[in-house]
Structure formats: C-alpha cells, structure tokens
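Subject: Structure for you to look at

Hello,

Please find the structure below. My notes on it follow.

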Amino acid sequence: MKETPLSNCERRFLLRAIEEKKRLDGRQTYDYRNIRISFGTDYGCCIVELGKTRVLGQVSCELVAPKLNRATEGLANTCRPTFIKP
C-alpha cells in the first residue's frame, strides 16, 4: 500500500505536538489510558477496553486427526483471530 505524503501544514502540526510533548487527545507523553480485559462466556472470547476504545476478540482452533498411513502427522488448524469493534 502506498503511503500518502504529509502536507507541510500536517508536518508542522505533528512536529509542534512532538516538541510540546502533547497528543491529540491532550495527554502528555507518558500519560496512559486505563486498560481492562474481560473474558467472555464463550471459550476463546474476550473484550479489551483501552480508554474509550472497546474491542471484541475471538480465537478458535481445530485438532485434526492424522491419516491412517501417517499416524504421526496430525494437524492443529488455527483460525485467524477475529477483532470486532463493538
């Protein structure tokens, strides 16, 4: 993916914010947001809250038995994690 270059105005804004050690939301450089992790009722499911941002994550896995002629070559298929912003 090709990145879009910053305009001179955007560049000055960012450099000034860095010099003043300010973030867009007004926090200082080392200020942090509260984090909360809640595990859902479903196996492999959790909700992560970081400040006002909430994310639902779910992971699943499937064990596959080996073929009869390759008894030592079973598989553990993992599915991609799913992240949904509620």
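Is Arg16 buried or exposed? Arg16 is exposed, because its relative accessibility is 55%; buried means under 20% relative accessible area, exposed over 50%, and partly exposed in between (1.4 Å probe, protein chains only).

Before the rest, some background. This is a predicted model, in which local features need pLDDT of at least 70, side-chain atom pairs count only at pLDDT 80 or more, and totals for chains, interfaces and linings use all residues. Residues are numbered from 1 along each chain as its sequence is written, and side-chain values use heavy atoms, leaving out hydrogens and water.

Salt bridges. There are two in the structure, a salt bridge being a side-chain nitrogen of Lys or Arg within 4 Å of a carboxyl oxygen of Asp or Glu. One joins the side chains of Arg16 and Glu20, at 3.0 Å from N to O. Glu20 counts as partly exposed because its relative accessible area is 44%. Another links Glu49 with Arg36, whose closest N and O atoms are 3.8 Å apart. Glu49 lies in strand 2 and Arg36 in strand 1, so this pair ties together parts that are 13 residues apart in sequence. Helices (H or I, at least four residues) and strands (E, at least two) are DSSP runs, numbered from the N terminus.

Strands. Strand 2 (residues 45-50) pairs with strand 3 (residues 53-58) in the antiparallel sense, over six bridges; pairing requires that DSSP finds at least two bridges between two strands. Ile47 stands opposite Leu56 in strand 3. The two strands form a hairpin with two residues between them, and Gly51 in the turn has a positive phi of about 65°.

Regards
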